[in-house]
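Please walk me through this structure, from the fold of one chain to the way the chains meet.

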Amino acid sequence: MHKYPVPDILDVCIEAGQVMLENGAETYRVEDTVYRIAKSYNLIYINVFVVPTALILTVQGEDGLDHTELLRMTDRQTNLEKVSMVNDLSRLLAQRALPPAKVKQKLANIRNTPRNFSEWQSNFAIALACGGFPLLFGGGYYDMLPAFIAGGLGHILYQKVNNLTNVSFFAEMVASFFIGLIAVLLTGLGLGEDVNMIIIGSVMSLVPGMAITNSLRDLMAGHLLSGVAVLAKALLTAGAIGIGIAIVLTFI
Amino acid sequence: MDLSYFSYFAVALIATFGFGVLYNVPTRTLFASSISGAIGWIVYFFLSFQLELDLFIGVGVAAFLVAFFSQWYARHFRMPVIVFAIPGIIPLVPGGSAYNMMRAFIEGQSDTALMFATETFLISGAIALGLSVNSGLFQVFSNRAFEKREKRYLP
């Protein structure tokens, strides 16, 4: 088997981990994938440590020297297609170790893959989903149209503000404030019956239910640091939404 | 309230589909994960509201079922399980309880808030438990030999 320089292999491992982590893979999956990729290049004493904001990898090459690389993560989004593509790549590498330069090329291709849907399509889809939630939470058919409108507009506003300020707490607060405002206005106009149901449906695109579930999964898997970190983020988000809605509801 | 199972199914399907689009699930698996999400929600509704079992049991069984579907899809489409599991559990996620909790806290009703907080964490715990138990079972009963297996991380 051909030998490659250890720093090159580390670059490949770290970059694969980065693509997975910034697109919403769970920490244990990132650790697992990075471990497997490093293993497929015949490195020994592989130690991977992943938390939502950082990735550390230490390996020993066949020359007996230790190598470490640290990556600091800042922004995260959810793009499951890229996670799936990196997963396929790691399976490919497990069968046959490709040259690191080639793997880097493949990773760059994965990074540049465009999203499947345009921004408007995904906004429309999320608005439809928000329109459905009042029914699932025990509301009536009358609450679906206002939740559709408020949820869609709220999500668009959230993205705009988040791009401008990069502080998600503020963006969530502003978006939920406007969702509350729209919901109250629409019920005042006679569209929709129960303000609470409309608001719950509309804020579902912001509510951190997913994050709470994922943090409990991390905690159960023994990833205590990431579990607690994700939980703290989720509680902050819930607080932002609560404040935004409460501002509206105190004035009616 | 007289709502048929059919409209619930359709709404849960649309909700899962919408979040699948937001999370950029691969196009050819979008419909499959929507179906599993909708079936999971119907099972939850049937257990918790028709048979009036505890929320914890209803959500746990539904999450287990969603995870089971996801494992099957993952083998069928050759993709990681989370591509199917994350959109699939969206209708079960305790968004309503989390919202009510935060709102009650901010309005000063601490008792109500604590009640909703317990509910939120119980439901999230049930979802996490359903997924974990399922993947644990799949790893124990997977047809690969025990000794040959590499180090694995249990979710």
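Predicted model: local features only at pLDDT ≥ 70, side-chain atom pairs only at ≥ 80, totals over all residues.

Residues are numbered from 1 along each chain as its sequence is written, chains are lettered from A and ligands numbered from 1 in the order in which they are written, and side-chain values use heavy atoms, with hydrogens and water left out.

Chain A has 10 helices and 3 strands, where helices (H or I, at least four residues) and strands (E, at least two) are DSSP runs numbered from the N terminus. Their order from the N terminus is α-α-β-β-β-α-α-α-α-α-α-α-α. Along the principal axes, the C-alpha atoms of chain A fill a box of roughly 75 × 35 × 30 Å.

Two packed helices are described by the angle between their axes and the distance between the axes. For helix H7 (residues 168-188) of chain A and H8(A), the axes come within 9 Å and cross at roughly 145°; axes are lines fitted to C-alpha atoms, for helices over the stretch in contact, and angles run from 0 to 180 degrees between N-to-C directions. H7(A) contributes Ile179(A), Gly180(A), Ala183(A), Val184(A) and Thr187(A) to the contact, and H8(A) contributes Val195(A), Ile198(A), Ile199(A) and Ser202(A). Contact here means heavy atoms within 4.5 Å.

The structure holds 7 salt bridges over all chains, each a side-chain nitrogen of Lys or Arg within 4 Å of a carboxyl oxygen of Asp or Glu. One of them joins Arg217(A) and Glu26(A), at 3.4 Å from N to O. Arg217(A) lies in helix H9 of chain A and Glu26(A) in the loop between helix H1 (6-22) and H2, so this pair ties together parts 191 residues apart in sequence.

At the interface, 64 residues of chain A are in contact with 56 residues of chain B. The two chains bury about 5300 Å² between them, 73% of it on carbon and sulfur atoms; buried area is the accessible area (1.4 Å probe) that two parts lose on being put together, summed over both. On the chain A side, Leu80(A), Leu136(A) and Met210(A) lose the most area to chain B, together 13% of what that side buries. How many salt bridges are there between chain A and chain B? The count is 0.
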